[in-house]
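Trainee: Before we file this one, I would like to go through the labels and ask what each rests on.
Mentor: Go ahead; put the structure up first.

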Amino acid sequence: MMPILFGLLLLLTINCATAFEVRSIADVIPAINQPAVSLSLPDALPDAEVIQGKGKIKKAWLVFPTDRYDHAILGDGVEARGVRVELDTAQQLTFRLPDDSVFEDRYPRLVDLDNDGVEEIILVRSYLDRGAALMVLKITDGAIVRFAEADPIGLAHRWLNPVGVGDFDQDGQPELAVVITPHIGGILTLYKLVGDRLDPVFRMPGFSNHRIGSSELGQSAIIDFNQDGVPDMAVPAIGFHDLRIISVVNGALKEINRVAHSSPINTPVEVKDLDGDGDQDLTYGLIDGRRIQLILP
Ligand SMILES: [Ca+2]
Ligand SMILES: [Ca+2]
Ligand SMILES: [Ca+2]
Ligand SMILES: [Ca+2]
C-alpha cells in the first residue's frame, strides 16, 4: 500500500534558530519497529529483543525468564534474571542477577560509556522490594561484571524507562537519560558515571515514555533537534499529546521546543532521515491514525 499524503498541515517557527515542518500523513504505514523476537536462542526471555552490536559485542539479549516479580508493567509477569552476549569471537558470556532483583526490561542498550572501544550494557534492574534502578554492565577479562548503578527508586513496583545516552551538557562525558515513574508523573533524570555509581545530575518533571502494560519501550528518542551539534531529548509530556524537546541550557534542563497534537502519541518515536537530506528527522503515530513527520532543516 502506498502512504496517502494528506499534505503539509503547517509550518512552525518556534524561535529564530529553529524552523521545522510538521507533516501529517494518513497512517497506512504498518506498525513500525516491531522487535525481532528471538524464537530460537536458548534461555531467552519470551519477548526478548535481540540487539545487534556493531563492535566486539555481536548480539545481546535477556535470558532466564522468571515470574518472581509480580509487576507486569511490560505486559506480562515474566522478567529476566540475566543477560547474555555473543562476542565477535563467537564466545558467549552470561551475567546473572542475585535473587533480590530482575531485569524489568526487554533488551540491553549497547553504548561505549568509558571510551575504551567496547560497548557497555545498559539495563533496567528492578529490586523486588525497592523498585527500578538503571544499571551498567561491562565486559572485563572475559566476563560480564557490574560497572555502575543508580540508587533504586525506593519502592517496589516503581519503574523507569531509558531515553538514551548523549553528552547533553558538553562536558565530554556521557549522560544517561531516563524517565523515572513514567506512569505516575514521570521525571526526566540524567545520570553521570561517578566511579561505580550513576549519580542523578539533572531532573525535570512532566514526562511519560511508556504506557502501562505495553511492551513498547521506544516512545522517546535522542536527536539534535535544533541542529547546534548538541544532542537533545524528544520525550512526550504526561498524557502523550505533546512531544517536548529538552536540552541542557546554562546548566539545567530546559524545554527548547514543544510539538502539540490533538491526539496522543501511541507509537515509538523514531529517528530517521525522512527527506533524504542526510540529517535526521522524527516520526511517530497518533491514536487517531495520523502519522507525524517532523522534518528538521
Ligand atoms: Ca566501554
Ligand atoms: Ca556530558
Ligand atoms: Ca541540539
Ligand atoms: Ca532529513
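Trainee: Where does Thr181 lie?
Mentor: Thr181 sits in the loop between β13 and β14 (186–194). This is a predicted model, and what follows is computed from it.

Trainee: Why is Thr181 called buried?
Mentor: Thr181 has 20 C-beta neighbours inside 10 Å. The cut-off for buried is 20 or more, so Thr181 counts as buried.

Trainee: What makes the phi of Thr181 worth a remark?
Mentor: The phi of Thr181 is near 50°, which is positive in a residue other than glycine. Most residues other than glycine have a negative phi.

Trainee: Which value does phi take at Asn250, and where is that residue?
Mentor: Phi of Asn250 is also a positive value, near 50°, and Asn250 is in the loop between β18 and β19.

Trainee: Is Asn250 buried or exposed, and how do you know?
Mentor: Asn250 has 5 C-beta neighbours inside 10 Å. A residue with 12 or fewer is exposed, so Asn250 counts as exposed.

Trainee: What links β17 to β18?
Mentor: The hairpin of β17 and β18 has five residues between the strands, and Gly239 takes a positive phi near 95° there.

Trainee: Why is β17 described as mostly covered?
Mentor: Five of its five residues are buried. Asp232, Ala234 and Pro236 point one way from β17, with Met233 and Val235 pointing the other way, and all are buried. In a regular strand, side chains alternate between the two faces of the sheet.

Trainee: Where is Phe168, and what makes it buried?
Mentor: Phe168 belongs to the loop between β12 (160–166) and β13 (175–180). Within 10 Å it has 23 other C-beta atoms. The cut-off is 20 or more, so Phe168 is buried.

Trainee: Which residues does Phe168 contact, leaving aside its neighbours within four places in sequence?
Mentor: They are Glu175, Leu190, Val230, Pro231, Ser247 and Val248. Ser247 is 79 residues from Phe168 in sequence, yet the two are 6.8 Å apart in space, C-alpha to C-alpha.

Trainee: How many residues are in the largest nonpolar core, and which have the most contacts inside it?
Mentor: The core has 73 residues, and Leu62, Val83, Ile121, Leu134, Leu176 and Ala234 have the most contacts inside it. Strand β10 (residues 131–140) gives the largest share, seven residues. Not counting residues up to four places away in sequence, Val83 touches several residues, among them Leu62, Phe95, Ile121 and Leu137. In soluble globular proteins, nonpolar side chains tend to be buried together.

Trainee: How do you know that β10 pairs with β11?
Mentor: Six bridges join β10 to β11 (residues 143–149), and the two run antiparallel. At least two bridges are needed, so the pairing holds. Ile139 stands opposite Ile144 in β11. Two residues lie between the strands in this hairpin, where Asp141 takes a positive phi near 50°.

Trainee: What does the protein chain contain as a whole, and how confident is the predictor?
Mentor: The protein chain has zero helices and 22 strands, and 39% of its 297 residues count as buried. The average pLDDT is 91, with 89% of the residues scoring at least 70.

Methods
Residues are numbered from 1 along each chain as its sequence is written. Chains are lettered from A and ligands numbered from 1 in the order in which they are written. This is a predicted model: local features need pLDDT of at least 70, side-chain atom pairs count only at pLDDT 80 or more; totals for chains, interfaces and linings use all residues. Helices (H or I, at least four residues) and strands (E, at least two) are DSSP runs, numbered from the N terminus. A nonpolar core is a set of buried Ala, Val, Leu, Ile, Met, Phe, Trp, Tyr and Cys residues joined through C-beta atoms within 7 Å. Two residues are in contact if their C-beta atoms, placed from the backbone, lie within 7 Å. pLDDT is the predictor's confidence in each residue, from 0 to 100.
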